[in-house]
Amino acid sequence: MHAPTLAQWVGDPTGFGTAYWRRRPGVFRPDGGVRSPFTLADVDAALATGYLHEPYVEMTRAEDPLGPDAYLTPRAVYDVPYGGFADETKIRALLDDGATLLMRRIDQWHGPTRDLLAQLSAELQLAVEAFCFVTPPGTQGVPLHRDDADVLVLQLNGSKSWAVHEGPADGHWRHGRVDGEPPAEVLRTTLRAGEVLYIPRGFAHQAVGNAGLSVHLSLTIREINLGDLFRSLQKLSAASMKVESRPLDDDAVLAAATALLDHVRTAVAGLTPEDLIRHARRRKLAALPAPRAPISLGALAAGYDTPA
């Protein structure tokens, strides 16, 4: 497997794919640690702008949910209030009180992270998204839960204690909180700055802040699900369809239904499972933010200033 971006996180991509991918969790300690495109200084900078808005920011506790008013505030433009902006003062106070700061989809608003994930997504041919968690020592932001994604966790600052439990028995499972008796534990570890934890899709997990202010970056690698496959089936089977969209009478409705079924049968007959998977994955990849393409207002201004 030629995956130089993945190699920076897990070492040998081929060995990772054989021994860990979708099989079991693991901890990776690359020589010199992993360099993150997103740092604690970037967290400070994002909050300091005053422009960070929900749902890109949330404060959370594992067993004590926080309402948005606890960490968001309105801002006025021409005396008109607009709500949902991150309040740096409230967030700092909640961190001091043991809450966790969650910053969502960093790849959508932080250029270097977007660029890194574009490279990783291209290597894996799977959609990759980025999230950041800031957790005070001795506290837990999220209860035991399953993610609908494979996750690569990079510890940026401090340390965090992780417990990873067994994955689902079959494909009939739900992501989110795990209630009742927890599945058997398969890995317990403390992740330190520069180290990477891999959690396979669906494996239940939870984490508690350890020494120092724990900051980690989570890369969620999204696989397609039944809904994605069904939507791709619709798209592929509807290609080049020539059926009246608004038939005017009963005979026309019957004719449209007949033509629709004939078209779909023909289209599906030539479709392979690999075609369907490829199309669904490409649709997910297409929804990711593109690598940075600055509009370069400086160059535009210079162009206007150039004599004709």
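1. Leu 52 is buried, with a relative accessible area of 7%, where buried stands for under 20%, exposed for over 50% and partly exposed for what lies in between, computed with a 1.4 Å probe on protein chains only. The residue is found in the loop between α3 and β2 (57–60); helices (H or I, at least four residues) and strands (E, at least two) are DSSP runs numbered from the N terminus. Leaving aside residues up to four places away in sequence, Leu 52 touches Ala 46, Leu 47, Val 57, Gly 84, Phe 85, Ala 86, Met 103 and Trp 109, a contact being heavy atoms within 4.5 Å.

2. On provenance, this is a predicted model in which local features need pLDDT of at least 70 and side-chain atom pairs count only at pLDDT 80 or more, while totals for chains, interfaces and linings use all residues. Residues are numbered from 1 along each chain as its sequence is written, and side-chain values use heavy atoms, with hydrogens and water left out.

3. Rings of Phe, Tyr and Trp (its six-membered ring) are paired if their centres lie within 6.5 Å, and planes under 30 degrees apart count as stacked, over 60 as edge-to-face and the rest as tilted. By this rule the count comes to seven aromatic pairs. The rings of Phe 16 and Trp 21 have centres 6.2 Å apart and planes at 55°, so this pair is tilted; Phe 16 itself, at 4% relative accessibility, counts as buried.

4. Phe 38 and Trp 109 form an edge-to-face pair, with 5.9 Å centre to centre and 85° between the planes. Because Phe 38 lies in the loop between β1 (26–28) and α3 (40–49) and Trp 109 in the loop between β5 (100–103) and α5 (111–124), the pair ties together parts that are 71 residues apart in sequence. Phe 38 is buried, at a relative accessible area of 0%, whereas Trp 109 is partly exposed, at 26%.

5. Ring pairs also link Phe 16, Tyr 20, Trp 21, Phe 28 and Tyr 198 into a cluster. As for charges and rings, Arg 75 lies over the face of Phe 85, at 5.6 Å from the ring centre, the criterion being NZ of Lys or CZ of Arg within 6 Å of that centre and within 35 degrees of the ring normal.

6. For the protein chain as a whole, there are nine helices and 14 strands, and buried residues make up 39% of the 308 residues. Among contacts with a separation of 6 or more, 81% are accounted for by residues 24 or more positions apart.
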